[in-house]
Amino acid sequence: MDAAPSAGPARKARVSYFYDPDVGQFYYGQGHPMKPHRVRMAHSLVLHYGLHGKLDGYYTPTRATAEDLAAFHSQDYVDFLRTVNPDNMSRYTRELRDFNMYEDCPVFDGLYQYCQIAAGGSLGAAVKLNYQTSDIAINWAGGLHHAKRAEASGFCYVNDIVLAILELLKYHQRVLYLDIDVHHGDGVEEAFLTTDRVMTVSFHKFGNNYFPGTGDLGNMGHGQGRGYSLNVPLRDGITDETYHSLFQPVMAKLMEVYRPEAIVLQCGTDSLAGDRLGVFNLSSKGHAACVEFMKSFGLPLMLLGGGGYKIINVARCWAAETGLAVGADMAEQLPPNEYYDYYGPVGYTLTVQPKAGLDNWNTPPYLDILRNRILQRLSELQGAPGVAFHERAPDGMDLDDIQDVNMAAPGASPQRIWDGELDPEDDPTAAAAEGGRRRADASFRDPRTTKPLSPSMLRPPSASQLAGGSGRGGGGGDPAAPAESAQDTEGTGEGARAGNRSPGWPFGDWI
Ligand SMILES: [Zn+2]
């Protein structure tokens, strides 16, 4: 797919990559569609394609602390995540209900460590971009876009994306969040609903009660953030060509108008053809064309994971996008790897192909109307907002840490991302096999995880930090939420739902 964005720098991007070899061992439960093992499979392809040799840095992330997580999440929710486990969960019936930790979001062994790994990688990626020691930073274990301040949702417990964006905002005036998962990026949109410093853009399936039920065109932010949430509601069966007939003009216009200083791209792969929960018909090349288009602007870019429930497709897509980031040519035939047999049904090939004969419900008139309305709205957006950095909050992590080395309204009837149908390909012996493969992975760790970085890259602390600012990753200040009411003027009835939202503003005055 041809991308024709504004010219980016021709030099090769410096790419850092965050991967914790423990991530593949976590297991949501038999039959559950979310399989952290997919990250390990993607990583195996990255290694066997030799992409690690083209990385500028390859890191085991420092796991996020409770304090790091509390930069966005409520303290009682973080405390509960730390406390609950399969053995004691029967004592916490009320909390499990309040925090939505059942069905889609079960309690499993090591849940808190899993959250720490996902968030730690994204925070580390933010710090690498903040210090300008990487042009692109990748964390496939992150991208958990549905998690709320005090609530698990859609297989997500901790919102590593919000945490990473908060970190980026310490050094960047404006951050663009772009979400190409098949589901609406509701948790991130909600967190930044009232600010113009983060523009959230989500391309997703909308309608027929598809999870999470939010994300219509009329949801566009509130108060200071009005106009800075952009939702692109799509129908079933969208193809590469039709997707990009929207994506590229919309994103080109948005980049021109908003002029972000950093981009966070959630690369959920459930938008690919053949996904177990998805309904789109994208090929992995169409998916990667989004990454390529955003990369071409030459801005600090964070690539995160997200949804994706056909694990061989997840692995192939994220491996290919890692290759795209480092500028590698990758053979279509997969290299031998620990999970080679898994790829038999797809002929051991890299590219995820679209499904033939699938109806595309995104008709040309629908796409034309959508494109025109969005472009019109973008043209009316106020110029790029700015902010003075006299009150920068302390860094959430420093480079020394790194070297050691994912909106239903309250009260609404709960929607599920998954119908509860068990995965026919899943069984306990497969689970045991996944766990048993963990050790094999360790031998593939790259020895360069302790690559030294120059202390001169560390910026001096600001005056407010020296005066004793609040802790890592947090910004002090008034946690009170602005009292904004929903004023949607477009769309098809999401206004009432949005009006019930409590965006929350836990971030303090510095944002
Ligand atoms: Zn999804």
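This briefing describes the sheet, several helices and the burial of residues in one protein chain. The model is predicted. The protein chain contains 16 helices and eight strands. Of its 511 residues, 51% count as buried.

**The sheet**

- Eight strands make up an open sheet, with parallel pairing and the order β2-β1-β3-β8-β7-β4-β5-β6.
- The edges are β2 (57–59) and β6 (229–234); each has a single partner strand, so one side of each has no neighbour in the sheet.
- From one strand to the next, the twist averages 10 degrees.
- Strands β7 (residues 262–266) and β8 (residues 301–304) pair in the parallel sense, and four bridges link them.
- Within that pairing, Ile263 has Leu301 in β8 as its bridge partner.
- Strand β5 (residues 198–205) runs parallel to β6, and six bridges join the two.
- For Val201, the bridge partner in β6 is Leu230.

**The edge strand β6**

- Although β6 stands at an edge of the sheet, six of its six residues are buried.
- One side of β6 carries Ser229, Asn231 and Pro233, the other carries Leu230, Val232 and Leu234, and all of these are buried.

**Helix α1**

- Helix α1 covers residues 37–48, which is 12 residues.
- The distance from its first C-alpha to its last is 17 Å, close to the 16 Å expected at 1.5 Å a residue.
- This helix is mostly covered, with 11 of its 12 residues buried.
- Among the buried residues of α1 are His37, Arg38, Met41, Leu45 and Leu47.
- Gly50 follows α1 and has a positive phi, near 75 degrees.

**Helix α9**

- The end C-alpha atoms of α9 are 16 Å apart, which agrees with the 16 Å that its 12 residues should span at 1.5 Å a residue.
- Because 10 of the 12 residues of α9 are buried, the helix is largely enclosed by the rest of the structure.
- The buried residues of α9 include Ser284, His287, Ala288, Val291 and Met294.
- Those buried residues pack against three helices and strands among others, including β3 (136–139), β4 (175–179) and α10 (311–326).
- The elements they pack against also include α8, β7 and β8.

**Helix α8 and its two partners**

- Helix α8 (residues 240–258) packs with helix α11 (residues 364–380) at an angle of about 5 degrees, and their axes are 10 Å apart.
- Angles under 35 degrees count as roughly parallel, and α8 and α11 are therefore roughly parallel to each other.
- On the α8 side of this contact are residues including Thr242, Leu246, Val250 and Lys253; on the α11 side are residues including Leu367, Arg371 and Ile374.
- By class, the contact of α8 with α11 has 10 nonpolar, two polar and two charged residues.
- With helix α9 (residues 284–295), α8 packs at an angle of about 10 degrees, again with the axes 10 Å apart.
- This pair, α8 and α9, is therefore roughly parallel as well.
- Here Asp240, Tyr243, His244, Phe247, Gln248 and Met251 in α8 meet Lys285, Gly286, Ala289, Cys290 and Phe293 in α9.
- The residues of the contact of α8 with α9 are six nonpolar, three polar and two charged.
- Gly286, Ala289, Cys290 and Phe293 of α9 take part in this contact, and they are also buried.

How values were computed
Residues numbered from 1 in each chain as written. Predicted model: local features only at pLDDT ≥ 70, side-chain atom pairs only at ≥ 80, totals over all residues. Axes fitted to C-alpha atoms, helices over the stretch in contact; angles between N-to-C directions. Parallel < 35°, antiparallel > 145°, perpendicular 65-115°, else oblique. Contact = placed C-beta atoms within 7 Å. Nonpolar A, V, L, I, M, F, W, Y, C, P; charged D, E, K, R; others polar. Pairing = 2+ DSSP bridges. Expected span 1.5 Å × (residues − 1). Buried ≥ 20, exposed ≤ 12 C-beta atoms within 10 Å, placed from the backbone.
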